[in-house]
Amino acid sequence: MVKKPNFKEVPVREAVGMVLPHDMTQILPGEFKGRLFKKGHVIREEDIEPLLSIGKEHIYILDMPPGHIHEDEAGTRIAKAVAGKGLSLTEPYEGKVSLKAEWLGLAKINEAAVHAVNALEGIALATIFGDQVVKAGETVAATRIIPLIMEEQRIVELEALAASFDGPIVEVIPFAPKKIGLVTTGSEVFSGRIEDKFGPAIRKKVEALGSVVVEQRFAPDDKELIQQHIKFFHEQKVDLILVTGGMSVDPDDRTPGAIADAGAKIVRYGTPMLPGSMLLVGYLGETPVLGLPGAVMHEPFTSFDVFLPRILAGERIEAADMTRLGYGGLRKS
Ligand SMILES: Nc1nc2c(c(=O)[nH]1)N[C@H]1C(S)=C(S)[C@@H](COP(=O)(O)OP(=O)(O)OC[C@H]3O[C@@H](n4cnc5c(N)ncnc54)[C@H](O)[C@@H]3O)O[C@H]1N2
Ligand code: MOO
């Protein structure tokens, strides 16, 4: 059991000159939720009315037993113990310390470690789901202890637990700027019968993450020509090759075969996420080659948007990464 701290209860009218042991929250539904008084505030005569208005007829004056620490210090220590690179800590607010991204990047969260930390009584660590893109300033995790004070020993245990994992529990990996080669297939686009919609959509997605399409090459539905463009980009030593169109079941859909014929090792063709089930991921040497499904053209979040940030953060995509998308992967039916 979490030990109750020793408090002296003082009627609020007699508390003038005393120090508040924790932040005092006011909630006016629909209007305001926040800190009315900060921890450490010395109560003044004019504070009595506001305190009574939030239902505080008595306040606690804290008598901190030896070996215990306050929620603000505990929250800060937990945050420091779990944070890796790319995160900065906020000041404690109502006992809560948040971890905010310092740069645009991929949030990496050790899920098993988060569960292990939260199994310690009295400790709360909340994170976003991992492998998401976060912008500078976005909150990635927040922590607090449940009681107002806690034996310091518990925090020492938590620090040891956090240090026992391989790498930090929460971090933000920055995106390396990569050079991308884009092969757009489809005889209807090649001939000019229809306007290319893939190029602008892909540029927008990759530029948002700090990378650039160095060149876009067009091919009709001809396996040999598609393959030549893929090899060209590989020789140009781009960091990533993207191929659009021709990913499904029609006789004119040549892209998966062209990627294989170019010499790429196919990780997997098809992934259980909608939209974007027709995604192919392969590697030509060390260079990732992706066959992109039609949905990438018009949907803001597809299987491609799951893996692009991970590739730009330097990760290699394995078959299991692709097969695991099914659970929660129905984003659009
Ligand atoms: N019977 C089935 N039909 C479809 C399946 C399936 O499994 N069985 N999968 C569907 C899914 S999911 C997708 S995604 C698409 C995959 O399409 P493809 O990659 O083969 O795309 P295309 O057939 O080449 O073109 C589809 C559509 O998009 C237009 N297009 C293609 N590229 C461009 C471009 N660069 N700019 C503008 N428009 C483009 C193309 O003209 C077609 O209209 O298949 C589903 N069907
Ligand atoms: O693979 Mo498709 O993109 O689900 O529409």
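## Overall form

A residue is counted as buried if 20 or more other C-beta atoms lie within 10 Å of its own, as exposed if 12 or fewer do, and as partly exposed in between, with C-beta atoms placed from the backbone. By this rule, 38% of the 333 residues of the protein chain are buried. The structure is a predicted model, in which local features need pLDDT of at least 70 and side-chain atom pairs count only at pLDDT 80 or more, while totals for chains, interfaces and linings use all residues. Residues are numbered from 1 along each chain as its sequence is written, and chains are lettered from A and ligands numbered from 1 in the order in which they are written.

The protein chain contains 11 helices and 19 strands; helices (H or I, at least four residues) and strands (E, at least two) are DSSP runs, numbered from the N terminus. Along the principal axes, the C-alpha atoms fill a box of roughly 85 × 40 × 35 Å. The radius of gyration of the protein chain is 27 Å, whereas a compact globule of 333 residues would have one near 20 Å. This radius is taken over C-alpha atoms, and the globule rule is 2.2 Å times the number of residues to the power 0.38.

## Domains and contacts

The protein chain is divided into domain 1 (6-63), domain 2 (68-174) and domain 3 (179-326), with bounds that come from an automatic or database domain assignment. The C-alpha centres of domain 2 and domain 3 are 37 Å apart. Between these two domains, 6 residues of domain 2 are in contact with 5 residues of domain 3, where contact requires C-beta atoms, placed from the backbone, to lie within 7 Å. Of the contacts in the protein chain with a separation of 6 or more, 69% are between residues 24 or more positions apart.

The UniProt record, an unreviewed entry, places the feature "domain: MoaB/Mog" at residues 181-313. UniProt positions are given in the numbering used here, feature names are shortened, and annotations may be inferred rather than shown by experiment. The span 181-313 is 36% helix and 26% strand, and its end C-alpha atoms lie 17 Å apart.

## The nonpolar core

A nonpolar core is a set of buried Ala, Val, Leu, Ile, Met, Phe, Trp, Tyr and Cys residues joined through C-beta atoms within 7 Å. The largest such core has 74 residues, and Val82, Ile230 and Val243 have the most contacts inside it. Helix α10 (residues 303-312) supplies the largest share of this core, 6 residues. At least three residues of the core come from each of domain 2 (68-174) and domain 3 (179-326).

Apart from its neighbours within four places in sequence, Val82 is in contact with Val117, Leu125, Ala141, Ala162, Pro168, Ile169 and Val170.

Strand β16 (residues 240-244) is mostly covered, with 5 of its 5 residues buried. Leu240, Leu242 and Thr244 lie on one side and Ile241 and Val243 on the other, and all are buried.

Strands are taken to pair if DSSP finds at least two bridges between them. Strand β14 (residues 179-185) runs parallel to β16 and is joined to it by 5 bridges; Thr184 has Thr244 in β16 as its bridge partner. Strand β19 (residues 287-292) is also parallel to β16, with 4 bridges between them, and Gly291 in β19 stands opposite Val243.

## An open sheet

Another set of 3 strands forms an open sheet in the order β10-β8-β13, with antiparallel pairing. β10 (133-134) and β13 (170-174) are at the edges and have a single partner strand each, so one side of each is left without a neighbour in the sheet. Strand β8 (residues 105-109) is joined to β10 by 2 bridges, and Gly105 has Val134 as its bridge partner in β10.

## Individual residues

Pro200 belongs to helix α6 (residues 198-207) and counts as exposed, because it has 11 C-beta neighbours inside 10 Å. Pro200 and Met297 are 97 residues apart in sequence, with 8.5 Å between their C-alpha atoms. A cis peptide bond, with omega about 5°, joins Leu274 and Pro275; Pro275 is in the loop between β17 (265-269) and β18 (280-284).

Glu94, a residue other than glycine, has a positive phi near 50° and is found in the loop between β6 (87-89) and β7 (97-101). Asp131, which is not a glycine, has a positive phi of about 65° and lies in the loop between β9 (123-127) and β10. Glu94 counts as partly exposed because it has 17 C-beta neighbours inside 10 Å, and Asp131 counts as partly exposed because it has 16.
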